[in-house]
Amino acid sequence: MKNVNLITLFLAIVVFQTSELFAQNSNVNQAFWVHEDQVKPSMIKEYEAVTKDFIDQCKKHDLKDSDWSTASIDDGTYLSISPIKSMADFDKNTMAPLAEKMGEEEFTKIFSRFNKCYDTHRDYVVHLINDMSYMPGGLTTNTLGEDYRKWHFFHVTPENVANLRTKMKDIKSLYEKKDAKQHFRVYRNGFGNSGDYYLVVISAKDAQSYAKTSQETDILLGEEGEKLFDEMLKYVYRYESKTGRMRPDLAYLSKK
């Protein structure tokens, strides 16, 4: 069942927001399996339509153990991400019961529709780093009412990883000292990625809220914050930011 294995890889997934999975005092850094589709601009409507059709089939046949959320980035990238409990998760074929209930012909047909929507896609792993993230009320990926997302990528060479980590922790300490209102989660690349990076994810209600809170935070941190950011960037060889939002309408949560 080669097709089923590929489909399992595509869908054993959830984005950065399915449930309140994490406590701030946890000593375990949660790993996530991320699937990324670079959707053709002309096929975005079809991609979302087939995703919704597939979700309807999952609900109809009560698919278990394959919950996922979805995030869309403004450049046409769609992310699906699933928390990984152990390496055994990679061997599970959670789509097999659905394929059996739908029938292989119908099951394959719906993924043929997916395949027309993109030329490239990939899978990789990231780790949520608890002691570098700043969420005073408790570390969680479920930011209710704040579906807007800003992803900040800090690309780093292997020789500078430790230095960058130290500076990022210094910045977190300053946020704590100043009781900053803008919270963030920090992720570290795992296997399947090209190169090393730290990813800072910030949630907000919308673009206006993000801009307002960012400006207030810059003022609050003042010269001390500006100096720390300048020092941190010395260890970054490339920076990029992406904007998007969570897509609850493209998510699936199985009945428990």
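1. In this predicted model, the largest nonpolar core comprises 24 residues. Those with the most contacts inside this core are L164, M168, Y175, F184, V186, Y198 and V200. At least two core residues come from each of strand 5 (148-156), helix 5 (161-178), strand 7 (196-204) and helix 6 (207-233). Helix 5 gives the largest share, 6 residues.

2. V186 deserves a separate look. Leaving aside residues up to four places away in sequence, V186 touches H127, L128, I129, M132, S133, M168, Y198, L199 and V200. Of these partners, M168, Y198 and V200 are also listed among the core residues with the most contacts.

3. Another core, of 21 residues, lies apart from the largest one. Its members include L63, M102, I110 and C117.

4. Helix 6 is not straight. A kink of about 100 degrees is centred on G222.

5. The N-terminal end of helix 6 is capped by D206. A side-chain oxygen of D206 lies 3.3 Å from the backbone nitrogen of Q208.

6. Which residues of helix 6 are buried? They are Y210, S214, T217, L221, G225, L228, E231 and M232. An α-helix has 3.6 residues a turn, so residues three or four places apart point the same way. The cover over the buried residues of helix 6 includes strand 5, helix 5 and strand 7.

Terms used: Residues numbered from 1 in each chain as written. Predicted model: local features only at pLDDT ≥ 70, side-chain atom pairs only at ≥ 80, totals over all residues. Heavy atoms only, no water. Core = buried A, V, L, I, M, F, W, Y, C linked by side-chain atoms within 4.5 Å. Buried < 20%, exposed > 50% of the residue type's maximum accessible area, 1.4 Å probe, protein only. Helix = DSSP H or I, 4+ residues; strand = E, 2+ residues; numbered from the N terminus. Contact = heavy atoms within 4.5 Å. Bend = angle between axes of the 7 residues up to and from the residue. Polar contact = N/O pair within 3.5 Å; in protein donor to acceptor, adjacent residues only side chain to side chain.
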